Each structure stands twice: as structure tokens, then as C-alpha cells.
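Look over the sequence and the 3D view before reading on. The notes that follow are grouped by topic.

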Amino acid sequence: MELTAQQLKAYDGSDPSKPIYVAIKGRIFDVTTGNSFYGPGGAYCMFAGKDASRALAKMSKNEEDVTPSLDGLSEKEMGVLNDWEKKFEAKYPIVGTVIS
């Protein structure tokens, strides 16, 4: 499945009939089983329906960091992002990719 960033927004947990998706480095993960974290009111709900690569790399929950941009990230931050990606791969199914 391929979704644009705009289409991905529909999977933010606001519609209980749809799954919850979070993208990392353009790959979309179905995080519905983690809805207590990613669903409305969850600790990481700001990531739902978006590519959260930069925010995960920076360990940030700031809205301006919830973006796919990796520009200017340090080697350490890229390592953190890669660790997050491995955790997601182990826990959640990959269901598609984000296209521009």
C-alpha cells in the first residue's frame, strides 16, 4: 500500500473503524495494537497518522519535530532513530510506504 502524507493523516486514531499508522523513514507501521500509546490521549498520539522519523531521532514530542526530515541530524540521533526502527519492526507489521 502506498499513501501520501495527506492520506496517512486519516490513520491518526480519530476514527475507531480505521487502524492507527505511524511511519518511520517512509515505511508505514500498523501500531493499532499499541493504541493506548498512539491513540487519542496516548503518550505518543502526536505521532499517529504521520512520519515521526525526526521526532523519534531527537526523542522529542514537539509538533515541529514530527516530520520525515532527517536534515541536520547528528550521527547519535540517526543511531537513536535506527534503534526505534528496529523496535517497531519487532513489534508492529509494516503495511506500506509514504509516497510524495
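In what order do the 4 strands of the open sheet stand? The order is β1-β4-β3-β2, and the pairing is mixed. This is a predicted model, in which local features need pLDDT of at least 70 and side-chain atom pairs count only at pLDDT 80 or more, while totals for chains, interfaces and linings use all residues. Residues are numbered from 1 along each chain as its sequence is written, and side-chain values use heavy atoms, with hydrogens and water left out.

**The sheet**

- Helices (H or I, at least four residues) and strands (E, at least two) are DSSP runs, numbered from the N terminus.
- Two strands count as paired if DSSP finds at least two bridges between them.
- β1 (2-4) and β2 (21-24) are at the edges with a single partner strand each, so one side of each has no neighbour in the sheet.
- From one strand to the next, the twist averages 40 degrees, an angle on a scale from 0 to 180 degrees between the N-to-C directions of axes, which are lines fitted to C-alpha atoms.
- Strand β3 (residues 27-30) pairs with strand β4 (residues 94-99) in the antiparallel sense, over 3 bridges.
- In that pairing, R27 is opposite T97 of β4.

**The hairpin**

- β2 and β3 run antiparallel and are joined by 4 bridges.
- A23 stands opposite I28 in β3, and the bridge partner of I24 in β3 is R27.
- The two strands β2 and β3 form a hairpin with 2 residues between them.
- K25, in the turn of this hairpin, has a positive phi of about 50 degrees, although K25 is not a glycine.
- K25 is partly exposed, with a relative accessible area of 36%; buried means under 20%, exposed over 50%, and partly exposed in between, using a 1.4 Å probe and protein chains only.
- Which way do the side chains of β2 point? Y21 and A23 point one way, V22 and I24 point the other way, and all are buried.

**Nonpolar cores**

- A nonpolar core is a set of buried Ala, Val, Leu, Ile, Met, Phe, Trp, Tyr and Cys residues joined through side-chain atoms within 4.5 Å.
- The largest core has 19 residues, of which V22, V31, Y38, F47, L56 and F88 touch the most other members.
- Two or more residues of this core come from each of β2, α3 (53-58) and α4 (75-91).
- Leaving out residues up to four places away in sequence, V31 touches I20, Y21, V22, Y38, F88 and Y92, where contact means heavy atoms within 4.5 Å.
- Another core, of 6 residues, lies apart from the largest one and includes L8, Y11, A23 and I28.

**Aromatic rings**

- The whole structure holds 10 aromatic pairs; rings of Phe, Tyr and Trp (its six-membered ring) pair if their centres lie within 6.5 Å, and planes under 30 degrees apart count as stacked, over 60 as edge-to-face and the rest as tilted.
- The ring centres of Y11 and Y21 are 4.5 Å apart and the planes are at 20 degrees, so this pair is stacked.
- Y11 is in the loop between α1 (5-8) and β2, and Y21 is in strand β2, so the pair ties together parts 10 residues apart in sequence.
- Both Y11 and Y21 are buried.
- A cluster linked by ring pairs holds F29, F37, Y38, Y44, F47, W84, F88 and Y92.

**Loop residues**

- M59 is in the loop between α3 and α4 and has a positive phi of about 55 degrees although it is not a glycine.
- M59 is exposed, with a relative accessible area of 59%.

**The UniProt record**

- The unreviewed UniProt entry places the feature "domain: Cytochrome b5 heme-binding" at residues 3-99; UniProt positions are given in the numbering used here, feature names are shortened, and annotations may be inferred rather than shown by experiment.
- In the model, the end C-alpha atoms of residues 3-99 lie 6 Å apart, and the span is 32% helix and 16% strand.
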